[in-house]
Amino acid sequence: MSVEIVVFAILAIFAVGGGFGIIVTKNPFRAAMWMVLSFIGSAGIFVMLDAVFIAMLQLIVYAGAITVMVVIAMYTMDRLTIASLKRFNNQAYFGALFGLGILLDFIVIASKLKINTVYMGKNLSIAGSNVKAIGDVLFKSYLLPFEITAIVLLIALFGAVALTKKDL
Amino acid sequence: MLAAYMFVSVLLFAIGATGAMIRRNFLIVLMSLELMINGAGMALIVMSYYIGNVSGQVMFLFVAAVAASETAVGLAIVAMMYKNKKSVDINDFTTLRK
């Protein structure tokens with residue numbers, strides 16, 4: 001039990017510290033690197049919660065694909081233009097106060113959470129395979145949302161291409 | 001232990017919301033949005049574990065797909081704005097306000 005708490009603490013420090021690094025660092029490239037650290041910490045927490053397939057998805061989609069897209073978009077811009085910006089808005093104090101309010105609000109909601117934990121950690125895999133359980137639910141109960149997700153991805157890529165055309 | 005997992009998820013969401021509100025660089029605002037999506041997804045995974053139902057993980061799959069398409073469109077908007085204005089400062093993006 002204590003080993004679980006220690007591992008959780010390390011991963012939580014990775015995830016939250018990486019997120020904090022995104023919003024305080026000045027250089028956007030370093031912010032992308034902090035983002036990778038945060039996503040790796042989140043993936044470790046997902047492994048602790050028996051969501052192995054989702055952890056792999058997190059590493060491939062977020063820490064791989066999205067970070068590469070952001071970094072390549074950064075490479076197409078002038079370094080001095082994006083690095084010499086002022087760091088925070090003029091009303092940053094109000095924004096930070098608002099974020100603190102959101103945090104306290106959700107902490108109150110999450111601390112009042114009372115759920116029945118008799119099924120804790122059960123039903124998450126079929127015959128030892130998490131992928132099999134996810135596929136079972138995905139293709140039996142959520143087939144129409146799955147198809148709609150494919151259409152959403154296709155239209156988003158069309159929109160991205162159309163937005164960056166020469167004359168809009 | 002449930003409270004600790006939920007606390008991490010809430011903290012990720014709040015940090016992302018704060019970053020989206022206080023930063024001036026559009027690229028970092030997009031990264032903060034990713035952080036908010038990740039926090040919300042972590043709440044889905046935590047509930048999926050404690051309730052004992054795999055549907056939350058399926059929901060995270062949809063969330064990840066929507067996040068990827070959101071990043072593609074957001075980066076296209078950043079590229080277009082940079083091409084027109086030579087800047088990624090969100091305070092310069094006020095063409096709709098006039």
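## Aromatic pairs

One aromatic cluster is formed by Phe8(A), Tyr5(B), Tyr49(B) and Tyr50(B). The model is predicted: local features need pLDDT of at least 70, side-chain atom pairs count only at pLDDT 80 or more, and totals for chains, interfaces and linings use all residues. Residues are numbered from 1 along each chain as its sequence is written, chains are lettered from A and ligands numbered from 1 in the order in which they are written, and side-chain values use heavy atoms, with hydrogens and water left out.

Over all chains, the structure holds twelve aromatic pairs. Rings of Phe, Tyr and Trp (its six-membered ring) pair if their centres lie within 6.5 Å; planes under 30 degrees apart count as stacked, over 60 as edge-to-face and the rest as tilted. Phe46(A) and Phe60(B) make an edge-to-face pair, because their ring centres are 5.4 Å apart and their planes stand at 75 degrees. This pair crosses between chains, with Phe46(A) in helix H2 (residues 28–48) of chain A and Phe60(B) in helix H3 (residues 55–85) of chain B. Helices here are DSSP runs (H or I, at least four residues), as are strands (E, at least two), numbered from the N terminus. Phe46(A) is buried at a relative accessible area of 0%, and Phe60(B) is buried at 0% relative accessibility. Buried means under 20% relative accessible area, exposed over 50%, and partly exposed in between (1.4 Å probe, protein chains only).

The rings of Tyr142(A) and Phe62(B) are also edge-to-face, with centres 6.4 Å apart and planes at 70 degrees. Tyr142(A) lies in the loop between helix H6 (130–140) and helix H7 (143–163) of chain A, and Phe62(B) in helix H3 of chain B, so this pair joins two chains. Phe62(B) counts as buried, with 11% relative accessibility.

## Asn38(B) and its contacts

Asn38(B) sits in helix H2 (residues 26–51) of chain B. Its relative accessible area is 0%, so Asn38(B) is buried. Leaving out residues up to four places away in sequence, Asn38(B) touches Phe39(A), Ser42(A), Phe46(A), Gln58(A) and Phe60(B); contact means heavy atoms within 4.5 Å. Both Phe46(A) and Phe60(B), the edge-to-face pair described above, are thus listed among the contacts of Asn38(B). Asn38(B) and Ala64(B) are 26 residues apart along the chain, with their C-alpha atoms separated by 8.5 Å.

## Salt bridges

Two salt bridges are found over all chains. A salt bridge is a side-chain nitrogen of Lys or Arg within 4 Å of a carboxyl oxygen of Asp or Glu. In one, Lys140(A) and Asp136(A) have their closest N and O atoms 2.9 Å apart. The two residues are about one helical turn apart, because they are four residues apart in helix H6 of chain A. Lys140(A) is exposed at 66% relative accessibility, whereas Asp136(A) is partly exposed at 30%.

Arg24(B) and Asp89(B) also form a salt bridge, at 2.7 Å from N to O. Arg24(B) lies in the loop between helix H1 (2–22) and H2 of chain B and Asp89(B) in the segment after H3 of chain B, so the pair ties together parts that are 65 residues apart in sequence. Arg24(B) and Asp89(B) are both buried.

## Phe93(B)

Phe93(B) is also located in the segment after H3 of chain B. With a relative accessible area of 17%, Phe93(B) is buried. Apart from residues up to four places away in sequence, Phe93(B) touches Phe26(B), Met81(B), Lys85(B), Ser87(B) and Val88(B). Met81(B) is twelve residues from Phe93(B) in sequence, and the C-alpha atoms of the two are 7.7 Å apart.

## Annotated transmembrane regions

For chain A, the unreviewed UniProt entry gives "transmembrane region" at residues 6–24, 31–54, 60–80, 92–110 and 142–163. For chain B, the unreviewed entry places this feature at residues 6–23, 35–52 and 58–82. UniProt positions are given in the numbering used here, feature names are shortened, and annotations may be inferred rather than shown by experiment.

In chain A, residues 31–54 are 88% helix and 0% strand, with end C-alpha atoms 24 Å apart. In chain B, residues 35–52 are 94% helix and 0% strand, with ends 26 Å apart between C-alpha atoms. Residues 58–82 of chain B are 100% helix and 0% strand, and their end C-alpha atoms lie 36 Å apart.
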